[in-house]
Amino acid sequence: MSVVARRFPRAMALVVILAALGAASARAQARPSQLIATARAMMDSLASDSAVTLLQLALRSESNATPAEQVRAWTLFGINQLILGDVQLGRQGFRRALSIDPTLQADSLASLHSDLLREFGAERAALGPVRAAPMTVQVALAGDTVVPVTEGRLVYAVRPARRARVVATVTAGDSSGAVVRADTATVTGDIVLGWDLRNRAGALVAPGRYTLRLVAADTTGENAARRDYALTLQRARVDTTALPSAQPPASAFVPETVQVRGSSPSVLLRGAVFAAAAVGLPMVLGNPELRASLGNDAKSYIAAGAVSLAGLYGFLRGTRWTTDPELQRRNQATRDRAALARTNTIAANAELRARAPMVVRTQAVGP
Amino acid sequence: MTRLLPLSLLAVGLAGALPGVAVAQGLRLEGGGLGYAVQNDVRYLGAIHEQTGILVGAEGQIRFGPVGLGGRGMMGTLKGSGDLSNPDRTVRFTTVWAAVHVGSWLAVGAEMEARRYESPVGVTVLQLLGGRARLAQQLGLDGLAASVDVTYFASAKATGMAAPTLALRAEVGTTFSPGNGPLTLRVGYRIERFDFPAGAAGTPAAGSPRLEQARGLVVGAGVRLGRR
């Protein structure tokens, strides 16, 4: 296959990509990050010339590439130029990248080609001792927010000044407290991170005070920026159901005793005792010297008979109260229903509280 | 007569108003008439004399919460043999008492009684003061109960004769209010005992105490108003 024939498909691909990007730019300017990512893909397809064209588009001043994006674009530009055989343009690309980020590391170049790392190293050596600019990081975090406890996240955007490794740590209490959650990401440009209010075991954290620490360190690890935020978590108020009384009102119960015909046999006994008292009264209290005159006092027997008849009448016509097991069961069922309603309400209220969203108040406390 | 009329009207008015007051204030009023078919035995100078008669009277009490106040009056004639050793005697008993209901079955209190005996021989008056206890048990129906009343007179004064060394009264009976209504019926057996000291030396009664004992049926009917 001739060189023209071999290059023709790549040229066609570039035309297609540029046409697509051009169409896109007609609607909105293509983002430098997209151009850089596409250029990286073209490199994997060994289409370095197409990649160079895309990188040049990303590096145009009107593309507003961030410093980190410019560093990456210039680095890839240098690599592609070296691949295409233009050492001068290659080293120029590295030089421009190093001028923006003197701490730039390119260890991964060795895996592409040993010459790449050598040329990069030469440009780096030409810069002399590296004194990196201080790392800065911008964080966008809502002041107060309501976070659902299921599927919710406390979202924050992190934008380091240049490619950096971002470590987000949540600690209980202040920044010296126990680590609740930690996330790490290597960021070029900006990144949106979030905390789902859960600890490392996946359990929802308790309301209280926490500290979110964000550290962005450059690739050398020598320059880092830090931001601390105090997070106050509290449950949002929920409308719970009033707890029903453990004891149902007295009107909910039925009397457990019923009146049945016929008094207790003790009534008969009581009547007999009083009758005996009537008969025995003269014997007990009467004067012994007059006892002879008492004889069998018929009047006492009349009274005793009257009392005995009263006892018999009371026994036959009287009523007594007895406990009805069925009524007891009904009352017990009423108590059980009340207890169940209370238990269910307690459970429902607990569920409501558990599902209540968390109100997160944030306050910057760090540098 | 002109003085009695206003007092009588006042008494009638009070009597008419009392039931209403009782219901409104949670009082309980009881009152009624009673008869006492009594046999009185007297042992004196070695002989036993018997007197019989029927005493009639009225009894009433008012109860407010656990506290009850009551009174009773009875009068009648005890017929003896007619001679001087056992003359007929006209008697009049007046009794007042106050009691506290310790429980639904027990009431204790104090009682004061004046007993006046009048016979051709003379007039004798006894003034008695003592304690009383009443034990009552319901007999299976509201308004049907049996009871025992015991009164022991610890203090006694006498006019016209020596004061008794022992004076007591006891009664066992039953009360019934048909349908637990206001009407109350009662029947009981009562015994009363009075032991008098022997006469002084040199008198006919020396060494021979006078012993009196009365017993008989008590029946009554009345009404009760207010709180049951």
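Helices (H or I, at least four residues) and strands (E, at least two) are DSSP runs, numbered from the N terminus. The model is predicted, and local features need pLDDT of at least 70, side-chain atom pairs count only at pLDDT 80 or more, while totals for chains, interfaces and linings use all residues. Residues are numbered from 1 along each chain as its sequence is written, and chains are lettered from A and ligands numbered from 1 in the order in which they are written.

**Chain A as a whole**

Select chain A, which has ten helices and eleven strands. Of its 367 residues, 28% are buried, a residue being buried if 20 or more other C-beta atoms, placed from the backbone, lie within 10 Å of its own.

**Helices 2 and 3 of chain A**

Next select residues 32-44 and 48-59 of chain A, which are helix 2 and helix 3. Their axes (lines fitted to C-alpha atoms over the stretch in contact, with angles from 0 to 180 degrees between N-to-C directions) lie 8 Å apart at an angle of about 170°. The two helices are therefore roughly antiparallel, the term for angles over 145 degrees. Residues in contact have C-beta atoms, placed from the backbone, within 7 Å; here they include A:L35, A:A39 and A:M42 of helix 2 and A:A51, A:L54 and A:L55 of helix 3. By class, this contact has eleven nonpolar, three polar and no charged residues. Ala, Val, Leu, Ile, Met, Phe, Trp, Tyr, Cys and Pro count as nonpolar, Asp, Glu, Lys and Arg as charged, and the others, Gly among them, as polar.

**Helices 5 and 6 of chain A**

Move to helix 5 (residues 87-100) and helix 6 (residues 114-127) of chain A, whose axes are 9 Å apart at an angle of about 50°. That makes helix 5 of chain A oblique to helix 6 of chain A. Among the residues making the contact are A:F94 and A:L98 of helix 5 and A:F120 and A:L127 of helix 6. The contact has six nonpolar, one polar and five charged residues.

**The side of chain B that touches chain A**

Now display chain B, of which 27 residues are in contact with 29 residues of chain A. Strands 1 (27-44), 7 (144-159), 8 (166-176), 9 (183-195) and 10 (211-226) of chain B each supply at least two residues of this side. The residues of this side of chain B divide into 15 nonpolar, seven polar and five charged.

**The largest nonpolar core**

Finally, select A:A278, A:A303, A:V307 and B:V172, the residues with the most contacts inside the largest nonpolar core, which has 33 residues. Such a core is a set of buried Ala, Val, Leu, Ile, Met, Phe, Trp, Tyr and Cys residues joined through C-beta atoms within 7 Å. Among the residues that A:V307 touches are A:F274, A:A278, B:A146 and B:V172.

Key
Two residues are in contact if their C-beta atoms, placed from the backbone, lie within 7 Å. Angles under 35 degrees count as roughly parallel, over 145 as roughly antiparallel, 65 to 115 as roughly perpendicular and the rest as oblique. A residue is buried if 20 or more other C-beta atoms lie within 10 Å of its own, exposed if 12 or fewer, and partly exposed in between; C-beta atoms are placed from the backbone. Lists of a residue's contacts leave out its neighbours within four places in sequence.
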